[in-house]
Amino acid sequence: MSRSTTPDTPTPPVRAADRHELIRVQGVRENNLKDISVELPKRRLTVFTGVSGSGKSSLVFDTIAAESQRLINETYSAFVQGFMPTLARPEADVLDGLTTAIIVDQQRMGADPRSTVGTATDANAMLRILFSRLGRPHIGSPNAYSFNVPSVRASGAVTVERGNNAKAVKQTFSRTGGMCPHCEGRGTVTDIDLGQLYDDSKSIAEGAFTIPGWKSDSWWTVRTYAESGFLDPNKPIREFTEREMRDFLHREPTKVKVEGVNLTYEGLLPKLRKSMLSKDPEAMQPHIRAFVDRAVTFTACPECDGTRLSEGARSSKIRGLSIADACALQIDDLADWVRGLDEPSVAPLLTTLRRTLDSFTEIGLGYLSLDRPSGTLSGGEAQRVKMIRHLGSSLTDVTYVFDEPTVGLHPHDIQRMNDLLLRLRDKGNTVLVVEHKPETIAIADHVVDLGPGAGTEGGTVCFEGTVEGLRAAGTLTGRHLDDRAALKETVRTPTGTLPIRGADRHNLRDVDVDVPLGVLVVVTGVAGSGKSSLVHGSIPAGEGVVSVDQSPIRGSRRSNPATYTGLLDPIRKTFAKANGVKPGLFSANSEGACPNCNGAGVVYTDLAMMAGVATTCEECEGRRFDGSVLEYHLGGRDISEVLAMSVAEAEEFFGTGEARTPAAHKILTRLADVGLGYLGLGQPLTTLSGGERQRLKLASHMGDQGGVYVLDEPTTGLHLADVEQLLGLLDRLVDAGKSVIVIEHHQAVMAHADWIIDLGPGAGHDGGKVVFEGTPADLVAARSTLTGEHLAAYIGG
């Protein structure tokens, strides 16, 4: 009997297009990376770990994401590329299998005074269209509801040509904008204390001005004011006539001739408003900001009550709500109001607006309002606001790149963020995340651990594989992944209290609390519960208070740790004294600069729409100083060799012997205390990671004279192993007699505290109350708040 045989079904051939399942990166040498190679699986969640400064951002942002963006930019015409930022190809041998990269980083959003959460996310634009269609009374187009558009009216004659005839026709033009004319859409007006601007007992010629940078012999003060003809420069200001005072303070720009040169004379107040008050305070130099804080009071505009909108825009309403009312609502409540609107004529608009507002809630930002200035958002909040536009995106097979998306998140909110990352992956996207939190590392499909150390001691791949493989690998991250800080057996006894009474800033509800002094106090609570409002609003930096917030370090590629911390000043003076020359010679930004590269160390060649080229200066070979300056030595080293030292080397060098410089040694000790011993003194600030910049700022403030230190999330950007070192630093500050108040979400810092103040119970109008104050042990025992539950789980883990 014969048996019938079923032929084997042939395996379909693998198509060439299906072989590109990896992003291959080989021979990367960006910043401190040491010729590393990795293969990253596509459509998976890959987490990059390692100590701060180990090279994570150099690999993810400066190599993979940068090359993807560069290749996309090259698809545009040369004309369009001329308007785009030029990007050089990263230092790498092979970059293969890249897909379109969407970068969601922690860069603060534009702090322009006109920028709000609503304008940054297009929610305002949709609301403006909605009110222009449904608002009653109808006042005009969407521009009539915009606080960035002023109302304009014009009339005049225009020439109309028809055939051979030209005829003058009178025309009028008007545009209705929503800008409040009094505050010009800023929502605030300024009240200036004239006593802070000048000494009225002196004349202008005698140096009456007390404004930073306004010297009595400068062109603008003496020459322009003296020879304008509007006032007498030799008369004390208090003796000015009414007309002279008006011209001095308020005169509109007027052309004048001074010593044969055409200049513009302008009253003191309008000039100050343009030169100083129109700028973002965060971007000002410290001494300018201190002057503005002293001289200027910002108050809500009396005409628009701080809404920025004109009376017409505020009069048009939908179901009893104006656009100003809608933007002032907490986004959770605004979403409920929009869901109650049922108007078929704007159905597509309502659908999109609902989806956008729901995304805020989904991402944990439902406590914000659309009129919140974008410059007031923290780094974590700014990053999550940027995520909103991607949540509902239909794009697939793209690479999403995140920089510590859990920054600023309470443990309660981290799970929600993890779900969002997994959702992006499950739509068929590649998700690359730089992260330190073990909760997010745990959900990774693939882990790349860089290290083993930071700076020159990092830049290599220590491990690549699964999370379980990382735990068994024995790397620094693997060993610390399951670390849990224990509660302290005994807590310190306070030396006094700092009473806060009736705090009502933002969402705080008339809060009364006593902050213990002489101990380590942690202020915690979910994002948006009112922590920063309580601490920064009630304990302002000033006499006896040193505040280290999350504002970014600003500096050019010429700035480095030595210049930022003030370390270079004592070093220059020591070099000058040892060699009998001027200190200015030992500055690459001054007399000692290499004349060929002007002290930059490299020569930049601009190639228009192509990426510019930076080549090492042939004259100084990248050392930045003139050859004659390098002939002067201190302890056998020239100034360029000193700036090439690490903090640890320099600490030893300036501690003993001929180079002993106590002022420099003190600053170097602080840098080593915050874990920056590996950092190069002359390393450009632009190459530092976020965690390094935070610690550099902390080190620079440790020398400030103050009894109370206020730190805003100092664990930002810190590896699990570095948190332990930070706790030691906080202990040393307290043991030295300081009071340390920390705004923090990290459970290890909470467990180490002597006293915890927990705000909540929720965010926005669901928060603003003190829900617990006491020791960490009492918080864990009570488990009465979200923080208590998560801290108990952490300790138990």
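User: What should I know about the model and its numbering?
Analyst: The model is predicted: local features need pLDDT of at least 70, side-chain atom pairs count only at pLDDT 80 or more, and totals for chains, interfaces and linings use all residues. Residues are numbered from 1 along each chain as its sequence is written, and side-chain values use heavy atoms, without hydrogens and water.

User: How many helices and strands does the protein have?
Analyst: Helices (H or I, at least four residues) and strands (E, at least two) are DSSP runs, numbered from the N terminus. Here there are 28 helices and 27 strands.

User: Why is the protein called as compact as a globular protein of that length?
Analyst: Take the radius of gyration over C-alpha atoms; the globule rule is 2.2 Å times the number of residues to the power 0.38. The rule gives 28 Å for 797 residues, and the protein has 30 Å, which is close, so it is as compact as a globular protein of that length.

User: What share of the residues is buried?
Analyst: Buried means under 20% relative accessible area, exposed over 50%, partly exposed in between (1.4 Å probe, protein chains only). Buried residues make up 49% of the 797.

User: Which residues does threonine 715 touch?
Analyst: Contact means heavy atoms within 4.5 Å. Leaving out residues up to four places away in sequence, threonine 715 touches Val723, Leu726, Glu744, His746 and Val749.
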